[in-house]
Amino acid sequence: MSEKQISSTSNQTLKAIRKLHRRKERFNTGRYFLEGIRIVGSALQHNASVETLIYSPDLLTSEFGLDLISDYKEKVQLVLELSQEAFCSVAKKENPQGLAAVAKMRYLSLDDISIQENDIWVVLDTIRDPGNLGTILRTLDGVGGTGVVLLDNSVDAYDPGAVRASMGALFSQHVVKTTFEEFQQWKVSHGFCLIGTSDHEGRKHYRSIDYKSPTFLIMGSERAGLPDSHLELCDEMVFIPMLGSCDSLNLSVATGIVLYEIAQQLKGVSA
(Lines give C-alpha, C1' and ligand atoms only; values in the text may rest on other atoms or scores of the structure.)
Protein backbone atom coordinates (compact mmCIF):
# COMPACT_ATOMS: atom_id res chain seq x y z
CA MET A 1 0.00 0.00 0.00
CA SER A 2 1.16 3.48 -0.82
CA GLU A 3 -0.52 6.73 0.19
CA LYS A 4 -0.69 10.09 -1.55
CA GLN A 5 -2.10 13.45 -0.54
CA ILE A 6 -3.73 15.40 -3.36
CA SER A 7 -5.20 18.89 -3.34
CA SER A 8 -5.11 19.79 -7.04
CA THR A 9 -8.21 18.94 -9.08
CA SER A 10 -6.02 18.76 -12.20
CA ASN A 11 -3.97 15.88 -10.79
CA GLN A 12 -3.50 13.16 -13.44
CA THR A 13 -4.66 10.39 -11.10
CA LEU A 14 -7.90 12.25 -10.43
CA LYS A 15 -8.38 12.87 -14.15
CA ALA A 16 -8.11 9.12 -14.72
CA ILE A 17 -10.64 8.42 -11.97
CA ARG A 18 -13.13 10.92 -13.40
CA LYS A 19 -12.94 9.15 -16.75
CA LEU A 20 -14.37 6.04 -15.08
CA HIS A 21 -17.76 7.77 -15.02
CA ARG A 22 -17.89 6.91 -18.75
CA ARG A 23 -18.83 3.38 -19.89
CA LYS A 24 -16.15 3.28 -22.58
CA GLU A 25 -13.39 4.02 -20.08
CA ARG A 26 -14.69 1.41 -17.64
CA PHE A 27 -14.57 -1.28 -20.29
CA ASN A 28 -11.20 -0.12 -21.59
CA THR A 29 -9.64 -0.30 -18.14
CA GLY A 30 -11.78 -2.99 -16.50
CA ARG A 31 -12.27 -0.68 -13.52
CA TYR A 32 -15.08 1.36 -12.01
CA PHE A 33 -15.69 4.08 -9.43
CA LEU A 34 -17.86 3.71 -6.35
CA GLU A 35 -18.58 6.13 -3.55
CA GLY A 36 -20.38 6.35 -0.25
CA ILE A 37 -19.62 4.80 3.12
CA ARG A 38 -22.16 2.00 2.89
CA ILE A 39 -21.28 0.97 -0.67
CA VAL A 40 -17.51 1.09 -0.20
CA GLY A 41 -17.89 -0.78 3.08
CA SER A 42 -19.98 -3.48 1.42
CA ALA A 43 -17.42 -3.83 -1.40
CA LEU A 44 -14.60 -4.31 1.10
CA GLN A 45 -16.54 -6.70 3.30
CA HIS A 46 -17.57 -8.84 0.30
CA ASN A 47 -13.96 -8.99 -0.91
CA ALA A 48 -14.61 -7.09 -4.11
CA SER A 49 -11.43 -6.29 -6.01
CA VAL A 50 -10.89 -2.83 -4.51
CA GLU A 51 -7.57 -1.39 -5.65
CA THR A 52 -7.75 2.23 -4.47
CA LEU A 53 -9.35 3.83 -1.43
CA ILE A 54 -10.11 7.55 -1.75
CA TYR A 55 -11.05 9.74 1.19
CA SER A 56 -11.13 13.33 2.37
CA PRO A 57 -10.54 13.96 6.08
CA ASP A 58 -12.47 17.22 5.67
CA LEU A 59 -15.61 15.32 4.66
CA LEU A 60 -15.30 11.87 6.24
CA THR A 61 -16.63 12.20 9.78
CA SER A 62 -18.25 8.76 10.16
CA GLU A 63 -16.48 6.55 12.69
CA PHE A 64 -17.39 3.50 10.60
CA GLY A 65 -15.92 5.12 7.49
CA LEU A 66 -12.70 6.05 9.29
CA ASP A 67 -12.44 2.50 10.62
CA LEU A 68 -12.70 1.19 7.05
CA ILE A 69 -9.68 3.26 6.05
CA SER A 70 -7.76 2.02 9.07
CA ASP A 71 -8.74 -1.64 8.64
CA TYR A 72 -8.21 -1.95 4.89
CA LYS A 73 -5.44 0.51 4.01
CA GLU A 74 -2.83 -2.25 4.12
CA LYS A 75 -4.94 -4.52 1.90
CA VAL A 76 -5.30 -2.21 -1.12
CA GLN A 77 -2.71 -1.01 -3.61
CA LEU A 78 -3.24 2.70 -3.10
CA VAL A 79 -4.81 5.12 -0.63
CA LEU A 80 -5.53 8.66 -1.82
CA GLU A 81 -6.05 11.40 0.75
CA LEU A 82 -7.79 14.33 -0.93
CA SER A 83 -8.71 17.84 0.00
CA GLN A 84 -12.43 18.59 0.07
CA GLU A 85 -12.24 20.35 -3.30
CA ALA A 86 -10.28 17.51 -4.89
CA PHE A 87 -12.71 14.89 -3.56
CA CYS A 88 -15.73 16.81 -4.83
CA SER A 89 -14.13 16.90 -8.28
CA VAL A 90 -14.35 13.09 -8.58
CA ALA A 91 -17.56 12.53 -6.60
CA LYS A 92 -20.94 12.01 -8.28
CA LYS A 93 -23.10 12.58 -5.20
CA GLU A 94 -24.32 16.08 -4.42
CA ASN A 95 -23.32 15.84 -0.77
CA PRO A 96 -20.34 13.47 -0.81
CA GLN A 97 -19.52 11.56 2.38
CA GLY A 98 -15.78 11.69 1.78
CA LEU A 99 -15.19 8.01 0.97
CA ALA A 100 -14.85 6.40 -2.45
CA ALA A 101 -12.90 3.66 -4.19
CA VAL A 102 -11.75 2.25 -7.51
CA ALA A 103 -12.25 -1.48 -8.06
CA LYS A 104 -11.99 -4.06 -10.83
CA MET A 105 -15.17 -5.01 -12.66
CA ARG A 106 -16.14 -8.67 -12.34
CA TYR A 107 -18.42 -9.88 -15.09
CA LEU A 108 -18.93 -13.64 -15.23
CA SER A 109 -19.69 -15.84 -18.21
CA LEU A 110 -22.31 -18.58 -18.21
CA ASP A 111 -19.51 -21.14 -17.90
CA ASP A 112 -18.45 -19.54 -14.62
CA ILE A 113 -21.66 -20.34 -12.76
CA SER A 114 -23.05 -23.54 -11.30
CA ILE A 115 -26.81 -23.71 -10.81
CA GLN A 116 -27.85 -24.80 -7.32
CA GLU A 117 -31.12 -25.93 -5.77
CA ASN A 118 -33.42 -23.01 -4.84
CA ASP A 119 -31.38 -20.53 -6.89
CA ILE A 120 -33.29 -17.44 -8.02
CA TRP A 121 -31.89 -15.55 -10.99
CA VAL A 122 -33.14 -12.58 -13.00
CA VAL A 123 -32.38 -12.41 -16.72
CA LEU A 124 -32.57 -8.89 -18.19
CA ASP A 125 -32.91 -8.24 -21.90
CA THR A 126 -31.31 -5.01 -23.15
CA ILE A 127 -32.49 -2.86 -20.24
CA ARG A 128 -31.26 0.74 -20.35
CA ASP A 129 -31.85 2.31 -16.95
CA PRO A 130 -28.97 1.84 -14.47
CA GLY A 131 -31.28 2.70 -11.56
CA ASN A 132 -33.60 -0.17 -12.49
CA LEU A 133 -30.68 -2.59 -12.62
CA GLY A 134 -29.35 -1.46 -9.26
CA THR A 135 -32.79 -1.73 -7.66
CA ILE A 136 -33.30 -5.24 -9.08
CA LEU A 137 -29.95 -6.31 -7.62
CA ARG A 138 -31.00 -4.90 -4.24
CA THR A 139 -34.32 -6.80 -4.40
CA LEU A 140 -32.53 -10.00 -5.40
CA ASP A 141 -30.35 -9.65 -2.34
CA GLY A 142 -33.49 -9.12 -0.27
CA VAL A 143 -35.04 -12.43 -1.40
CA GLY A 144 -31.81 -14.39 -1.10
CA GLY A 145 -31.33 -14.47 -4.85
CA THR A 146 -28.20 -15.53 -6.70
CA GLY A 147 -27.63 -13.01 -9.47
CA VAL A 148 -28.51 -11.40 -12.78
CA VAL A 149 -27.83 -12.37 -16.37
CA LEU A 150 -27.49 -9.32 -18.63
CA LEU A 151 -28.33 -10.06 -22.25
CA ASP A 152 -26.88 -8.28 -25.28
CA ASN A 153 -26.68 -4.48 -24.92
CA SER A 154 -28.02 -4.13 -21.40
CA VAL A 155 -26.80 -1.27 -19.22
CA ASP A 156 -23.44 -1.64 -17.50
CA ALA A 157 -23.82 -3.07 -13.99
CA TYR A 158 -20.88 -0.88 -12.92
CA ASP A 159 -22.46 2.36 -14.08
CA PRO A 160 -22.36 4.77 -11.10
CA GLY A 161 -26.16 4.91 -11.07
CA ALA A 162 -26.46 1.12 -10.93
CA VAL A 163 -23.79 0.82 -8.24
CA ARG A 164 -25.49 3.49 -6.14
CA ALA A 165 -29.01 2.05 -6.54
CA SER A 166 -27.83 -1.45 -5.63
CA MET A 167 -26.90 -0.18 -2.14
CA GLY A 168 -24.09 -2.73 -2.00
CA ALA A 169 -26.09 -5.67 -3.40
CA LEU A 170 -23.86 -5.59 -6.50
CA PHE A 171 -21.22 -7.33 -4.36
CA SER A 172 -23.47 -10.08 -2.99
CA GLN A 173 -24.91 -11.08 -6.38
CA HIS A 174 -23.33 -12.76 -9.38
CA VAL A 175 -23.41 -10.64 -12.55
CA VAL A 176 -23.25 -12.53 -15.87
CA LYS A 177 -22.91 -10.85 -19.24
CA THR A 178 -23.79 -12.81 -22.38
CA THR A 179 -25.85 -12.86 -25.58
CA PHE A 180 -29.37 -14.19 -26.00
CA GLU A 181 -28.09 -16.86 -28.41
CA GLU A 182 -25.60 -18.14 -25.84
CA PHE A 183 -28.21 -18.03 -23.08
CA GLN A 184 -30.70 -19.90 -25.28
CA GLN A 185 -28.24 -22.76 -25.83
CA TRP A 186 -27.32 -22.81 -22.15
CA LYS A 187 -30.98 -22.94 -21.10
CA VAL A 188 -31.70 -25.88 -23.40
CA SER A 189 -28.69 -27.80 -22.10
CA HIS A 190 -29.42 -27.15 -18.40
CA GLY A 191 -33.21 -27.39 -18.44
CA PHE A 192 -34.00 -24.99 -15.61
CA CYS A 193 -37.38 -23.26 -15.22
CA LEU A 194 -37.57 -19.96 -17.15
CA ILE A 195 -40.45 -17.60 -16.37
CA GLY A 196 -41.30 -14.61 -18.56
CA THR A 197 -43.66 -11.69 -18.06
CA SER A 198 -45.95 -10.81 -20.94
CA ASP A 199 -49.29 -9.41 -22.06
CA HIS A 200 -49.63 -12.13 -24.72
CA GLU A 201 -52.37 -14.77 -24.75
CA GLY A 202 -51.65 -17.84 -22.67
CA ARG A 203 -50.17 -15.90 -19.79
CA LYS A 204 -51.12 -16.73 -16.19
CA HIS A 205 -51.51 -14.69 -13.01
CA TYR A 206 -48.08 -14.52 -11.39
CA ARG A 207 -49.42 -16.11 -8.19
CA SER A 208 -51.26 -18.94 -9.93
CA ILE A 209 -48.29 -21.06 -11.01
CA ASP A 210 -45.93 -23.34 -9.13
CA TYR A 211 -42.39 -22.02 -9.49
CA LYS A 212 -39.93 -24.84 -9.86
CA SER A 213 -36.46 -24.82 -8.33
CA PRO A 214 -34.24 -23.30 -9.55
CA THR A 215 -36.08 -20.43 -11.23
CA PHE A 216 -34.86 -17.86 -13.74
CA LEU A 217 -37.14 -14.84 -14.25
CA ILE A 218 -36.63 -13.08 -17.58
CA MET A 219 -37.69 -9.45 -17.93
CA GLY A 220 -37.73 -7.33 -21.06
CA SER A 221 -36.56 -3.81 -21.73
CA GLU A 222 -38.40 -0.91 -20.10
CA ARG A 223 -39.88 0.19 -23.40
CA ALA A 224 -40.48 -2.90 -25.52
CA GLY A 225 -40.81 -5.83 -23.13
CA LEU A 226 -39.75 -9.30 -24.26
CA PRO A 227 -39.54 -10.15 -27.97
CA ASP A 228 -41.27 -13.29 -29.27
CA SER A 229 -37.98 -15.19 -29.57
CA HIS A 230 -37.42 -14.80 -25.82
CA LEU A 231 -41.01 -15.67 -24.89
CA GLU A 232 -40.80 -18.88 -26.92
CA LEU A 233 -37.92 -20.00 -24.70
CA CYS A 234 -40.00 -19.59 -21.51
CA ASP A 235 -41.64 -22.47 -19.68
CA GLU A 236 -44.38 -20.18 -18.34
CA MET A 237 -45.54 -16.62 -19.00
CA VAL A 238 -47.07 -14.59 -16.18
CA PHE A 239 -48.70 -11.20 -15.72
CA ILE A 240 -49.30 -8.77 -12.86
CA PRO A 241 -52.89 -7.45 -12.82
CA MET A 242 -53.35 -3.70 -13.32
CA LEU A 243 -56.52 -2.25 -11.77
CA GLY A 244 -56.08 1.43 -12.58
CA SER A 245 -55.64 3.42 -15.77
CA CYS A 246 -51.93 2.60 -16.24
CA ASP A 247 -51.18 -0.51 -18.26
CA SER A 248 -47.72 -1.35 -16.88
CA LEU A 249 -45.39 -1.01 -13.91
CA ASN A 250 -41.83 0.22 -13.62
CA LEU A 251 -39.46 -2.62 -14.54
CA SER A 252 -37.79 -2.88 -11.14
CA VAL A 253 -41.16 -2.76 -9.33
CA ALA A 254 -42.64 -5.51 -11.53
CA THR A 255 -39.53 -7.63 -11.09
CA GLY A 256 -39.70 -7.21 -7.32
CA ILE A 257 -43.33 -8.29 -7.12
CA VAL A 258 -42.70 -11.52 -9.00
CA LEU A 259 -39.43 -12.18 -7.16
CA TYR A 260 -41.15 -12.16 -3.79
CA GLU A 261 -43.74 -14.66 -5.01
CA ILE A 262 -40.94 -16.92 -6.27
CA ALA A 263 -39.05 -16.53 -2.99
CA GLN A 264 -42.19 -17.28 -0.97
CA GLN A 265 -42.65 -20.56 -2.81
CA LEU A 266 -39.01 -21.64 -2.95
CA LYS A 267 -37.64 -20.22 0.31
CA GLY A 268 -40.65 -19.35 2.45
CA VAL A 269 -39.88 -15.62 2.21
CA SER A 270 -43.00 -13.47 2.62
CA ALA A 271 -43.24 -9.85 1.47
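Mentor: Let us begin with a term: two residues are in contact when heavy atoms of theirs lie within 4.5 Å. The model before us is predicted.

Trainee: Leaving aside neighbours within four places in sequence, with which residues is isoleucine 17 in contact?

Mentor: With those neighbours set aside, isoleucine 17 is in contact with Phe33, Ile54, Leu80, Val90 and Val102. Isoleucine 17 itself belongs to helix α1, residues 12-19.

Trainee: Why is isoleucine 17 called buried?

Mentor: A residue counts as buried under 20% relative accessible area. Isoleucine 17 has a relative accessibility of 5%, and therefore counts as buried.

Trainee: How far apart are isoleucine 17 and aspartate 119, in sequence and in space?

Mentor: They are separated by 102 residues in sequence, and by 36 Å in space from C-alpha to C-alpha.

Trainee: What makes a set of residues a nonpolar core, and how many residues has the largest one here?

Mentor: Its members must be buried, belong to a list of residue types that includes Leu and Ile, and be joined through side-chain atoms within 4.5 Å. The largest nonpolar core here has 56 residues, and Leu34, Leu53 and Leu133 have the most contacts inside it. Helix α10, residues 251-267, supplies the largest share of this core, seven residues. There is also a second, separate core of 20 residues, with Leu110, Ile113, Leu233 and Cys234 among them. In soluble globular proteins, nonpolar side chains tend to be buried together.

Trainee: Which residues are in contact with leucine 133, leaving aside its neighbours within four places in sequence?

Mentor: Leucine 133 is then in contact with Leu124, Ile127, Leu150, Val155, Asp156, Ala157 and Ala162.

Trainee: How do you know whether helices α3 and α4 are roughly parallel or roughly antiparallel to each other?

Mentor: Angles under 35 degrees count as roughly parallel. Helix α3 (residues 37-45) and helix α4 (residues 63-72) pack at about 30°, with their axes 10 Å apart. The two helices are therefore roughly parallel to each other. Their crossing is left-handed. On the side of α3, the contact is made by Ile37, Gly41, Leu44 and Gln45, and on the side of α4 by Phe64, Gly65, Leu68 and Tyr72. By class, this contact has five nonpolar, three polar and no charged residues.

Trainee: What angle do α6 and α10 make, and how are they to be described?

Mentor: The axes of helix α6 (residues 130-142) and α10 cross at roughly 15° and come within 9 Å. The crossing of α6 and α10 is right-handed. In α6, the residues Asn132, Thr135, Ile136, Thr139, Leu140 and Gly142 meet Leu251, Ser252, Thr255, Gly256, Leu259 and Tyr260 in α10. The contact of α6 with α10 divides into five nonpolar, seven polar and no charged residues.

Trainee: Why does aspartate 152 count as partly exposed?

Mentor: Partly exposed residues fall between the 20% limit for buried and the 50% limit for exposed. Aspartate 152 has a relative accessibility of 27%, and so counts as partly exposed. Its place is in the loop between β7 (147-151) and α7 (160-166). The phi of aspartate 152 is near 55°, a positive value in a residue other than glycine.

Trainee: What is the phi of methionine 167, and where is this residue found?

Mentor: Phi of methionine 167 is near 55°, and the residue is found in the loop between α7 and β8 (174-178). With a relative accessible area of 29%, methionine 167 is partly exposed.

Terms used:
Residues are numbered from 1 along each chain as its sequence is written. This is a predicted model: local features need pLDDT of at least 70, side-chain atom pairs count only at pLDDT 80 or more; totals for chains, interfaces and linings use all residues. Side-chain values use heavy atoms; hydrogens and water are left out. Helices (H or I, at least four residues) and strands (E, at least two) are DSSP runs, numbered from the N terminus. Buried means under 20% relative accessible area, exposed over 50%, partly exposed in between (1.4 Å probe, protein chains only). Axes are lines fitted to C-alpha atoms, for helices over the stretch in contact, and angles run from 0 to 180 degrees between N-to-C directions. Angles under 35 degrees count as roughly parallel, over 145 as roughly antiparallel, 65 to 115 as roughly perpendicular and the rest as oblique. A crossing is left-handed if the near helix is turned anticlockwise from the far one by less than a right angle, and right-handed if clockwise. Ala, Val, Leu, Ile, Met, Phe, Trp, Tyr, Cys and Pro count as nonpolar, Asp, Glu, Lys and Arg as charged, and the others, Gly among them, as polar.
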